[in-house]
Amino acid sequence: MDQVFDTIIVGAGAAGLTAGIYASRAKLSTLILNEGAVGGQMVLTEEIANYPGVETTKGYMLANTMKMQAKSFGCKIKSNIKISRYSFENEIKEIELADGSVFKSKSVILTPGGRPRSLNIAGEDQFKGTGVSYCATCDGDFFTGKEVVVVGGGNSALEEAVALTNYATKVTIVHQFDHFQAFEHAIEEAKKNPKIEFIMESELRGFYGNGHLEKVTIEHLPTAKISELKTDGTFIFIGYQPNTESLQGLVQLNNRNEIVVDSVMKTNVDGVFAAGDCINKRYRQVTTAVADGTIAALSVSEYLRN
Ligand SMILES: Cc1cc2nc3c(=O)[nH]c(=O)nc-3n(C[C@H](O)[C@H](O)[C@H](O)COP(=O)(O)OP(=O)(O)OC[C@H]3O[C@@H](n4cnc5c(N)ncnc54)[C@H](O)[C@@H]3O)c2cc1C
């Protein structure tokens with residue numbers, strides 16, 4: 001490939017596709033390289049009801065609209081690829097694919113997203129989207145008037161458990177230790193909520209149901225006793241994993257392996273920007289990924305002008 005693109009975007013989720021829309025509309029020659037299917041986590045989401053301007057939509061439909069929009073401005077998208085090498089040291093950056101092809105560009109926007117940590121127990125994959133969730137903001141409303149379980153003992157788990165009481169009639173927090181690893185105010189808030197119950201020193205062992213989640217099994221760790229708990233939904237908040245394993249040593253990552261960026265999405269490497277769920281930030285939503293992608297593309301335009 002002799003062409004030197006103005007920018008190459010790594011990842012075609014909400015952040016990458018938005019960066020693609022803005023960059024190609026600004027007449028920058030733009031290529032998106034994406035591992036797997038286009039759309040990222042959006043296509044894992046059955047229904048997105050909180051994207052402004054779109055009352056409610058299927059995740060794959062929103063992803064497809066973003067893809068078509070990027071392509072209509074001339075953005076090129078290569079999906080189902082595997083990147084084997086990045087070279088960011090020189091002014092012209094290089095990205096090599098597993099099939100040996102090399103793509104060159106004047107700038108790079110990293111948008112590889114991430115994935116919630118999973119429990120890796122029986123039934124978890126089977127009930128993803130029909131009872132097992134990793135996002136209270138996204139799915140809480142589906143459990144209005146129902147009973148749910150929250151797994152975890154950090155700030156996210158306790159804060160999201162409190163948020164879920166706006167929908168659910170009962171929230172049972174299951175945590176592996178006898179104490180929480182959250183801020184005191186978050187613990188107090190959860191403890192004083194009459195809808196929240198606690199099962200401590202316990203871990204989930206499996207999810208069961210017929211078509212949708214009906215119950216979980218829980219092991220009480222000190223006694224190894226297994227019990228069953230009827231539930232309509234389970235929310236898992238045991239951490240988040242950015243897809244940055246292959247970027248170790250290339251750009252600055254923090255202790256949670258998130259890419260460190262400044263307010264205009266610049267990384268510590270000249271000409272390399274990052275956006276979306278992979279960066280150092282607190283809230284991960286389609287709207288925040290779209291905002292980051294916009295800023296990254298505008299920053300690339302300015303970088304290339306200068
Ligand atoms: C089950 C679920 C439900 C959700 N529901 C909602 C909701 O209702 N509303 C909402 O606002 N948010 C929701 N979210 C969160 C939202 O989907 C994400 O915050 C957002 O989509 C992140 O976009 P992103 O582009 O940063 O990353 P991602 O969507 O993760 O996209 C990253 C893309 O990069 C690709 N990639 C990764 N590594 C590489 C690599 N090395 N090379 C090339 N490509 C790579 C991935 O395959 C993927 O296609 C939900 C998340 C989940 C998991």
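Here is a walk through the structure, from the ligand to a pocket and then to some individual residues.

The model is predicted, so local features are given only where pLDDT is at least 70 and side-chain atom pairs only at pLDDT 80 or more, while totals for chains, interfaces and linings use all residues. Residues are numbered from 1 along each chain as its sequence is written, and side-chain values use heavy atoms, with hydrogens and water left out.

Let us begin with the ligand. It is surrounded by 29 residues, of which the closest are Glu-35, Gln-41, Cys-138, Asp-277 and Val-286; a residue belongs to this shell if one of its heavy atoms lies within 4 Å of the molecule. By class, the shell divides into twelve nonpolar, 13 polar and four charged residues. In this scheme Ala, Val, Leu, Ile, Met, Phe, Trp, Tyr, Cys and Pro count as nonpolar, Asp, Glu, Lys and Arg as charged, and the others, Gly among them, as polar. Helix H1, strand E3 (30-34), strand E7 (83-87) and helix H6 each give at least two residues to the shell. Helices (H or I, at least four residues) and strands (E, at least two) are DSSP runs, numbered from the N terminus.

Which backbone atoms lie by oxygen atoms of the ligand? A backbone N or O atom of Ala-15 is 2.9 Å from a ligand oxygen, and a polar backbone atom of Val-286 is also placed 2.9 Å from an oxygen atom of the ligand. For Gly-40, the distance from a polar backbone atom to a ligand oxygen is 3.5 Å. Taken alone, the ligand exposes 1000 Å², and the protein buries 92% of that. Such areas come from the Shrake-Rupley method with a 1.4 Å probe; for residues, only the protein chains shown count as cover.

Now to the pockets. Rolling a probe the size of a water molecule over the atoms shows where empty space is left. Here a pocket is an open set of points, on a 1 Å grid over the protein atoms alone, with protein on both sides within 12 Å along at least five of seven lines, and its lining residues have an atom within 4 Å of a point. The second largest pocket has a volume of about 150 Å³, where volume is the space filled by probe spheres set on the points, joined across faces, edges and corners. Its lining includes Thr-18, Ile-21 and Tyr-22, along with Leu-62, Thr-65, Met-66 and Gln-69, and also Val-290 and Thr-294. Helix H1 (14-25), helix H2 (59-72) and helix H6 (286-305) are the elements that give two or more residues to this lining. The largest share, four residues, comes from H2. Seven of the lining residues are nonpolar and four are polar, with no charged residue.

Asp-6 sits in the loop between strand E1 (4-5) and strand E2 (7-10). Is Asp-6 buried or exposed? Asp-6 counts as buried because its relative accessible area is 14%; buried means under 20%, exposed over 50%, and partly exposed in between (1.4 Å probe, protein chains only). The side chain of Asp-6 makes a polar contact with the side chain of Lys-106 at 3.2 Å. A polar contact is a pair of N or O atoms within 3.5 Å; within protein, one must be able to donate a hydrogen and the other to accept it, and residues adjacent in sequence count only if both atoms are side-chain atoms. A polar atom of the Asp-6 side chain also lies 2.8 Å from the backbone nitrogen of Ser-29.

Next, look at backbone angles. Lys-27, in the loop between H1 and E3, has a phi near 70°, a positive value in a residue other than glycine. Lys-27 is exposed, at 73% relative accessible area. Met-265 has a positive phi of about 70° although it is not a glycine. Met-265 lies in the loop between strand E20 (240-242) and strand E21 (272-274), and is buried, with a relative accessible area of 6%.

The loop between E20 and E21 also holds Thr-267, which is buried at 10% relative accessibility. Gln-248 is found in the loop between E20 and E21 and is partly exposed, at 48%.

Methods:
1 Å grid on protein atoms, 1.4 Å probe; cavity = no way out; pocket = protein on both sides within 12 Å on 5 of 7 lines; lining within 4 Å.
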